[in-house]
Amino acid sequence: MYGWSAAEALGRESHQLLQTEFPQPLPDIQRTLLERGAWHGELVQSTKDHLRIVVSSRWALKPFLAGKPAGFLEIARDITERKRIEDQLRETARMESVGLLAGGIAHDFNNLLVGVIGNASLVLTAMEVHNPQRALLQEAVRSAERMAYLTRQLLAYAGKGRFVVGPLNLSETIREQAPLLRAAVPKNVQIDFVLVPVPPIEADVAQIQQILANLVINAAEAIAEAPGAISIGTGVAELDESDRARFGDFPISPGRFVTLTVRDNGCGMDAATQARIFDPFFTTKFLGRGLGLSAVMGIVRGHRGALRVISAPGRGATFELFFPS
Ligand SMILES: Nc1ncnc2c1ncn2[C@@H]1O[C@H](COP(=O)(O)OP(=O)(O)OP(=O)(O)O)[C@@H](O)[C@H]1O
Ligand SMILES: [Mg+2]
């Protein structure tokens, strides 16, 4: 389990050799051992290859000889993998509860905002064109619209975005949205489209637009000031059983998929960032909300699709999405 041979370990103090981290001070453990004759708990130890592992450790006092303990026996079982899975499950449950909570509030919020924006807009239309208060009201509408936008991102993450599913041609949808996408990015960013004929997918057009907007805005933000390019492409792919294992986090069925690829030559990201980008509220940006990719994830899942990211610092980023067709 630890990788040392008996000869190497002989004569060495085991906890020094294994660099044991105890859950409580060693004298306390020893006291329990003496009082109760046994102790068990979790320890963190090192293997010969310097891997830190978590072990479940049971200590038992050997029978007393002439009133003194003869020594004690320690049995350790490697539970590193079990701990890792437990942590992962806890994390998943935490994310799900965040989603439920956010989704619940966002829903009410959205309905209330419809009232705010609707009424304020009605007042605006009724107002004299030269009324000096107009600008104030317009600002209020803009803020409410921004709130509605954030709520939509939350709803999408929670898998509660309004779903109006119908057959959709991904290449067509992108082509129609192209002018909007071009307008959403600064002048130094060029967008190229590589759209091929694709079979229809079952999708909600508003949510596909939301995905595109989120990915393209992220790509433009990763490019920042320097001249850069974003490429948006579609394609068709067959996913089989081995791909299914590759996309372990997504419950997809093998078959034909329409792909959406958004690639940029911006700053890229390291592995630590990549591990967290889909967490709600994770952001590396000063004014970011950390909701864009959470929404993308929620929508892709809602469409029984899958996605993956390829990126490295300074090497840009590629987001590849798969929708069952
Ligand atoms: N194309 C990209 N290139 C490099 N990093 C990216 C890219 N897309 C996303 N990221 C990283 O992932 C993080 C999370 O993205 P996400 O869209 O969820 O939130 P955000 O852009 O920070 O805020 P919001 O979209 O809510 O305004 C970003 O802060 C950024 O660090
Ligand atoms: Mg974003």
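Reader: Which strand is Leu321 in?
Author: In this predicted model, Leu321 sits in strand β12, which covers residues 317-324.

Reader: Is Leu321 buried or exposed?
Author: Leu321 is buried, and its relative accessible area is 0%.

Reader: What is Leu321 in contact with, leaving aside its neighbours within four places in sequence?
Author: The contacts include Ile211, Leu215, Val258, Thr259 and Leu260. Val296, Val300, Ala306 and Leu307 are also on the list.

Reader: Take Val296. How many residues apart in sequence are Leu321 and Val296, and what is the C-alpha to C-alpha figure?
Author: They are 25 residues apart in sequence. From C-alpha to C-alpha, the two are 9.6 Å apart in space.

Reader: Back to the strand. How many bridges join β11 to β12?
Author: There are 6 bridges between β12 and β11, which spans residues 306-311, and the two strands run antiparallel. One of the pairs is Ala306 with Phe322, its bridge partner in β12.

Reader: What do β11 and β12 form, and what is in the turn?
Author: The two strands form a hairpin, with 5 residues between them. Gly314 lies in the turn and has a positive phi of about 75°.

Reader: New topic. In what order do the 3 strands of the open sheet come?
Author: The order is β1-β2-β5, with antiparallel pairing. β1 (38-46) and β5 (72-78) are the edge strands, each pairing on one side only. From one strand to the next, the twist averages 30°.

Reader: How many bridges do β2 and β5 have?
Author: β2, residues 52-61, pairs with β5 over 7 bridges in the antiparallel sense. Arg58, for instance, has Ile75 in β5 as its bridge partner.

Reader: Which helix packs on the sheet?
Author: Helix α4, residues 80-126, packs there and touches β1, β2 and β5. The direction of α4 makes about 120° with that of β2.

Reader: And α5, how many residues does that helix have?
Author: Helix α5 has 24 residues, 134-157. The distance from its first C-alpha to its last is 35 Å, close to the 34 Å expected at 1.5 Å a residue.

Reader: Which residues of α5 are buried, and what do they pack against?
Author: Among the buried ones are Leu137, Val141, Ala144 and Ala148. Thr151, Gln153 and Tyr157 are also buried. The buried residues of α5 pack against α4, α7 (205-223) and α10 (292-302).

Reader: What comes just after α5?
Author: Gly159 does, with a positive phi of about 75°.

Key:
Residues are numbered from 1 along each chain as its sequence is written. Chains are lettered from A and ligands numbered from 1 in the order in which they are written. This is a predicted model: local features need pLDDT of at least 70, side-chain atom pairs count only at pLDDT 80 or more; totals for chains, interfaces and linings use all residues. Side-chain values use heavy atoms; hydrogens and water are left out. Helices (H or I, at least four residues) and strands (E, at least two) are DSSP runs, numbered from the N terminus. Buried means under 20% relative accessible area, exposed over 50%, partly exposed in between (1.4 Å probe, protein chains only). Contact means heavy atoms within 4.5 Å. Two strands pair if DSSP finds at least two bridges between them. Axes are lines fitted to C-alpha atoms, for helices over the stretch in contact, and angles run from 0 to 180 degrees between N-to-C directions. The expected span of a helix is 1.5 Å times one less than its number of residues.
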